[in-house]
Amino acid sequence: MVNYLRNADHGKVETKHANLNVLTRGDLSSLVWVDSPLKYFKQPADTILCQVYYAPLNFRDIMLASGKLPLDALPGDLALQDCILRLEFSGRLENGQRVMGLVPAKGLATTVAADPNFIWEVPDDWSLEEASTVPVAYSTAYYALIMRGNLRKGERVLIHSGSGGVGQAAIAIALSLGCEVFTTVGSSEKREFFKKRFNELHDRNFCNSRDTSFEQYI
């Protein structure tokens, strides 16, 4: 059973398709399961229905739900939609295949209708929980470095705040291309973590994230 909103009254309905939404922006206690229109879903050729197992929250979701990010900051017509939380997910297709993917919104749900171009098969040695954290970080890093930055093998790249999700993804992508990577970190613990995580990184590859000394260092 999930909660949903009907004519401003709370009711209950048993459904396979629901989205989690905040009814009053800024009031996290108003989070409620909302009956999804996917129960009327007729699958077009360019859409795949996925059952969601994991949908991790990110900073944008928290800012939206808490009312600290205005709706006009959202691209396209997302601000006009009822449910706007969550971009990435992992789960299974109807044939049981394990996948991870991206959606414009409504990813915090039991099921999503996703574009096949933004769905990827989960490697056998990954859990679905791990896979759910990959799409946004790696897509963002790939778009910035490869599609916009035109990064090429052998180039040198400085990645700020390398310990974040996007930062770690950017480091992994750059190293996979054979680039020399420098990154800013804020503690010795993070530096040691990176040296264990990436064999290509040594002390000379780290800069201080607390000041602008990286300008002279690089």
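This is a predicted model: local features need pLDDT of at least 70, side-chain atom pairs count only at pLDDT 80 or more; totals for chains, interfaces and linings use all residues.
Close-up 1. Asp203 is partly exposed, since its relative accessible area is 43%. Lys195 also forms a salt bridge with Glu192, and here the closest N and O atoms are 3.4 Å apart. Lys195 and Glu192 are both in helix H5, and because they are three residues apart there, about one helical turn separates them. Lys195 has a relative accessibility of 25% and therefore counts as partly exposed, and Glu192, at 39%, counts as partly exposed as well.

**Close-up 2. The salt bridge between Glu180 and Arg204.** Side chains of opposite charge can pair when their charged atoms come close. In this view, the side chains of Glu180 and Arg204 meet in a salt bridge that spans 2.7 Å from N to O. Glu180 belongs to strand S11, whereas Arg204 sits in the loop between helix H5 (188-197) and strand S12 (206-208), so this pair ties together parts that lie 24 residues apart in sequence. Glu180 counts as partly exposed at 25% relative accessibility, and Arg204, with 46% relative accessibility, likewise counts as partly exposed. By the rule applied to the model, the count of salt bridges comes to four.

**Close-up 3. Leu177 and Lys153.** Leu177 is placed in the loop that runs between helix H4 (165-176) and strand S11 (180-185). How far apart are Leu177 and Lys153 in sequence, and how far apart in space? The two residues are separated by 24 residues in sequence, while their C-alpha atoms are 5.1 Å apart in space. With a relative accessible area of 31%, Leu177 is partly exposed.

**Close-up 4. A nonpolar patch on the surface.** Tyr142, Tyr143 and Met147 form a nonpolar patch on the surface, and together these residues have about 350 Å² of accessible area. Met147, one of the residues of this patch, lies in helix H3, which covers residues 135-148. The relative accessible area of Met147 is 56%, and the residue is therefore exposed, the limit for that class being over 50%.

Close-up 5. Which residues form the negative surface patch? Glu121, Asp124, Asp125, Glu129 and Glu130 make up this patch. Glu129, one of its members, has its place in helix H2, which consists of residues 128-131.

**Close-up 6. Two cysteines, Cys179 and Cys207.** Are these cysteines buried or exposed? Cys179 has a relative accessibility of 7% and so counts as buried, and Cys207, at 4% relative accessibility, also counts as buried, because buried means under 20% relative accessible area. A search of the whole structure for disulfides finds zero of them.

Note on methods:
Residues are numbered from 1 along each chain as its sequence is written. Side-chain values use heavy atoms; hydrogens and water are left out. Patches are made of residues with over 30% relative accessible area and no salt bridge: like charges are joined within 9 Å, nonpolar side chains (Val, Leu, Ile, Met, Phe, Trp, Tyr) within 5 Å. Accessible areas come from the Shrake-Rupley method with a 1.4 Å probe; for residues, only the protein chains shown count as cover. Lys and Arg count as positive and Asp and Glu as negative; His and the chain ends are not counted. The place of a charge is taken as NZ of Lys, CZ of Arg, CG of Asp or CD of Glu. Helices (H or I, at least four residues) and strands (E, at least two) are DSSP runs, numbered from the N terminus. A disulfide is a pair of cysteine sulfur atoms within 2.5 Å. Buried means under 20% relative accessible area, exposed over 50%, partly exposed in between (1.4 Å probe, protein chains only).
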